[in-house]
Amino acid sequence: MSTGRPLTPDRWHERQHLMRVLIIGAGLGGLTLLHGLRRAGIDARVFERSAHRAQQPASYGIHLNADGLRALHACLPDENWKMIDTAGSPVPLIIRFHDPRRGVLATIDKRFPEDTTDPITKRRAISRGKLYEALLHNTGTDDDAEPLVHWDKTFTHYELYDDGVRAYFADGSHADGDILVGADGSNSRVRHQRLPSLQRQELGIINIAGRVPLAGVVAAALPADFTDGGINNVVPARNGWMFLSTWPSGDPDNTDVSNGAAEYVVWAWAGSRDSYPHGVENLDRNQLKQLVTERVRDWAAPLRTLVDATDATTITTVPLRTMPQLPEWAPSRITLLGDAIHNMTPMAGIGANTALGDAEHLRQALTAGADTVSAIGGYETAMRHDANQALALSSRNATNAALATPSNRTVFRALLRASAAIPAIRRKIFGPSI
């Protein structure tokens with residue numbers, strides 16, 4: 001980290017160095033970019049507000065799709081990639097829609113041959129802890145004994161110059177570089193300074209989510225199509241929607257999730273804010289469990305068992321927010337990736353993979369030989385295009401799940417049933433690749 005008087009263009013020209021990239025945030029996208037740039041010979045450093053890697057928050061698992069896996073394989077050292085390959089469990093990309101009595105409305109098999117047989121792109125489920133562990137591997141110090149990841153560095157603001165950028169931190173220190181990348185999550189301070197008018201939007205939807213070990217009465221009750229790693233949606237006749245899927249255990253900081261079981265089940269009830277009691281986010285966890293229990297009281301026994309067996313301490317509310325469609329802006333030496341620029345709902349299951357893809361695309365842009373600002377502009381144009389498609393899909397899925405009227409829901413359920421037999425309807429609902 002540099003010290004001394006503020007950076008000026010004249011001083012920057014006097015310095016002889018490799019391109020230096022400052023990455024704010026040690027999340028999935030930021031760490032993937034770190035490895036990718038350093039493999040390409042670019043001096044990159046991460047600055048993370050957490051005091052230590054152990055303070056990274058526990059979270060649910062993640063499905064790594066072909067795009068995310070290609071990005072990881074391209075950016076990571078071989079040792080890191082092998083850790084992911086070992087920790088990930090192959091899972092099918094099968095999306096099922098059930099009615100509450102467990103009648104199957106539709107089954108969409110979206111597996112492609114290259115994604116199921118290619119050793120790189122075969123779809124995997126992995127705990128976020130294991131993925132994070134793999135990304136942190138080989139991030140100790142470089143030949144100059146400077147850490148690649150600086151912990152306990154809360155970013156406050158930056159100053160931009162013609163030939164560089166300076167990042168400031170809450171402890172009074174600063175760092176100088178050619179480029180600054182905001183990879184600091186949905187409440188990104190980099191975005192707030194770079195694009196202050198671009199704010200997340202409330203969708204009026206709240207998920208109540210829980211998780212339970214796939215063991216005991218839950219393992220005995222749930223049929224195979226609920227536990228094979230596929231994505232299951234339960235679509236009642238009226239408001240609401242339930243999502244559930246299984247994930248491998250293995251996070252060292254998440255032993256309370258699995259209780260020794262090899263897998264656990266994540267479920268989430270999605271509903272409009274208006275469909276809940278006023279102040280639902282202030283209810284305690286037992287009250288949240290009781291609320292969902294009431295809503296599934298007439299459902300099939302396996303689904304009731306799933307909620308009944310869930311430890312209330314794992315249940316929480318998740319208000320759904322999303323970035324709006326991204327407008328164009330003029331590029332500069334400041335750019336963003338992942339949730340910092342296109343935070344979306346979890347209802348498409350692609351947010352993390354999109355962030356990993358951002359890291360790989362930015363790596364490609366910065367190593368293609370173009371001047372710095374032009375390279376960033378090319379990356380941002382492509383990123384906006386992909387992000388806007390993902391944002392639209394994610395928001396549409398969320399609103400269809402939680403905000404549908406009874407009449408719309410009736411039509412949707414009928415179309416789901418028809419799609420199983422009529423390819424044209426299936427393509428209309430799920431896209432031309434189905």
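What follows is a conversation that takes several labels in turn and sets the values beside the definitions.

Tutor: Please keep in mind that this is a predicted model, in which local features need pLDDT of at least 70 and side-chain atom pairs count only at pLDDT 80 or more, while totals for chains, interfaces and linings use all residues. Residues are numbered from 1 along each chain as its sequence is written, and side-chain values use heavy atoms, with hydrogens and water left out.

Student: Why is Phe47 called buried?

Tutor: Buried means under 20% relative accessible area, exposed means over 50%, and partly exposed is what lies in between, with a 1.4 Å probe and protein chains only. Phe47 has a relative accessible area of 1%, so Phe47 is buried. Phe169, at 4%, therefore counts as buried as well.

Student: What makes the pair of Phe47 and Phe169 stacked?

Tutor: Rings of Phe, Tyr and Trp (its six-membered ring) pair if their centres lie within 6.5 Å, and planes under 30 degrees apart count as stacked, over 60 as edge-to-face and the rest as tilted. By this rule there are four aromatic pairs. In one of them, the ring centres of Phe47 and Phe169 are 5.0 Å apart and the planes are at 25°, so the pair is stacked. Helices (H or I, at least four residues) and strands (E, at least two) are DSSP runs, numbered from the N terminus. Phe47 belongs to strand β2 (residues 43–47) and Phe169 to strand β10 (residues 164–169), so the pair ties together parts that are 122 residues apart in sequence.

Student: Why is the pair of Phe155 and Phe169 edge-to-face?

Tutor: The centres of the Phe155 and Phe169 rings are 6.5 Å apart and their planes are at 75°, so the pair is edge-to-face. Since Phe155 lies in strand β9 (residues 155–161) and Phe169 in strand β10, this pair ties together parts that are 14 residues apart in sequence. Phe155 is buried, and so is Phe169. Phe47, Phe155 and Phe169 form one aromatic cluster.

Student: How do you know that the buried residues of helix α4 are on the same side?

Tutor: In α4 (residues 78–87), Asn80, Trp81 and Ile84 are buried. They cover an arc of only 100° around the axis, which puts them on the same side of α4; the arc is that of the directions from the helix axis to the C-beta atoms. An α-helix has 3.6 residues a turn, so residues three or four places apart point the same way. On the other side of α4, Asp78, Lys82 and Thr86 are exposed. The buried residues of α4 pack against α2 (28–39), β3 (62–64), α3 (66–75), β7 (124–126) and α6 (128–136), where contact means heavy atoms within 4.5 Å.

Student: What makes β3 and β4 edge strands?

Tutor: Two strands pair if DSSP finds at least two bridges between them. An open sheet of three strands has the order β3-β7-β4, with antiparallel pairing. Within this sheet, β3 and β4 (89–90) are the edge strands, as each pairs on one side only. Two bridges join the antiparallel strands β4 and β7, and Ser89 stands opposite Ala125 in β7.

Student: Why is Arg333 counted as buried, and which backbone oxygen does its side chain reach?

Tutor: Arg333 has 12% relative accessibility and therefore counts as buried. Arg333 lies in the loop between β17 (316–322) and β18 (334–336), and its side chain reaches the backbone oxygen of Asp178 at 3.1 Å. A polar contact is a pair of N or O atoms within 3.5 Å; within protein, one must be able to donate a hydrogen and the other to accept it, and residues adjacent in sequence count only if both atoms are side-chain atoms.

Student: What makes Glu281 partly exposed, and with which side chain does its own side chain make a polar contact?

Tutor: With a relative accessible area of 35%, Glu281 is partly exposed. Glu281 is found in the loop between β16 (263–272) and α10 (285–295), and its side chain makes a polar contact with the side chain of Arg273 at 2.7 Å. The C-alpha atoms of Glu281 and Pro319 are separated by 8.5 Å, although these residues are 38 residues apart along the chain.
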